[in-house]
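Q: Hi! Could you walk me through some side-chain contacts in this one?

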Amino acid sequence: VPTEKLRAVQRQTRLSLSIIQSALDRYPLTSLSLSYNGGKDCLVLLILYLSLLARHPWLPHSLPAIYIPPSHPFGSVTEFTLASAQRYHLALDIHVADEGGGTKGKGAGNMKEAFADYLRTHKEVEAIFVGTRRTDPHGGKLSGEGFDVTDGGWPRFMRVHPVIEWHYAEVWAFLRHLKIPYCELYDQGYTSLGGTNDTHPNPALRVEGPEGEMRYRPAYELEEDGEERLGRDW
């Protein structure tokens, strides 16, 4: 019997699938790409995207995707991103941010340059799926319809954000219920992944062990959206 949380996930899933289907109706598959960094949110997005593509009349050997790692990446995040990209047949184009660049919000100039570089070599791409949620930096400015053209000063493309309204706990309920593999850092108390220079285990998950040592509960035990980024420096 579904719990109330799983019923909420089902509602979110239906909404996300409708946005993804709208994108597939609006754009040829060859003009769609995915921004993928191995994080929990874009992982949910990827699984939902693949579930709809299973019914698509034509599928390429691999799906176009862009990966913009932070300037100080975690080795385990990079390893998971590359391994999962291979598992899910992503043609992952890596664009490394310059020194000081981040992945969501910080180092926006570097993000702009990375996307501009990607679009110069992928002129067919018109829209990019992104895993932004409402509680992310700048997520509050995005529409609830799931489609927003990039802001002025950015390379022009349509941002498609199917998981915009998902809550933190719903993301984890989805991944764990379907037993989707995820980056090991989440089991070490990290709840929002950036670079090694600005990301720490979430203090809301810190507990004292039997020997008096400090340890961290896994990310999926956090419930509140407002506590998700407590382990980030920005």
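A: Happy to; we can go through aromatic rings, charges over rings, cysteines and a strand pair. This is a predicted model, where local features need pLDDT of at least 70, side-chain atom pairs count only at pLDDT 80 or more, and totals for chains, interfaces and linings use all residues. Residues are numbered from 1 along each chain as its sequence is written, and side-chain values use heavy atoms, with hydrogens and water left out.

Q: Great. How many aromatic pairs are there?
A: The count is nine aromatic pairs. Rings of Phe, Tyr and Trp (its six-membered ring) pair if their centres lie within 6.5 Å; planes under 30 degrees apart are stacked, over 60 edge-to-face, and the rest tilted. One of them joins Trp166 and Phe174, which is edge-to-face because the ring centres are 5.6 Å apart and the planes at 85°.

Q: Are those two buried or exposed?
A: Both Trp166 and Phe174 are buried, where buried means under 20% relative accessible area, exposed over 50% and partly exposed in between (1.4 Å probe, protein chains only).

Q: And what about Trp172 and Tyr186?
A: Trp172 and Tyr186 also form an edge-to-face pair, at 5.1 Å centre to centre with 80° between the planes. Trp172 is in helix α5 (residues 168–177) and Tyr186 in the loop between α5 and β7 (206–208), so the pair ties together parts 14 residues apart in sequence. Helices (H or I, at least four residues) and strands (E, at least two) are DSSP runs, numbered from the N terminus. Trp172 is buried at 2% relative accessibility, and Tyr186 is buried with a relative accessible area of 2%.

Q: Which residues make up the cluster with them?
A: Trp172, Tyr182, Tyr186 and Tyr220 form one aromatic cluster.

Q: What sits over the ring of Tyr220?
A: The charged end of Arg176 does, 3.6 Å from the ring centre. The rule asks for NZ of Lys or CZ of Arg within 6 Å of the ring centre and within 35 degrees of the ring normal. Elsewhere, Arg26 has its charged end over the ring of Phe147, 3.8 Å from the centre.

Q: Switching topic: how many disulfides?
A: Zero in the whole structure, a disulfide being a pair of cysteine sulfur atoms within 2.5 Å.

Q: Last one: how do β2 and β3 pair?
A: Strand β2 (residues 63–67) and strand β3 (residues 90–94) run in the parallel sense over five bridges; pairing takes at least two DSSP bridges. Ala65 has Leu92 in β3 as its bridge partner.
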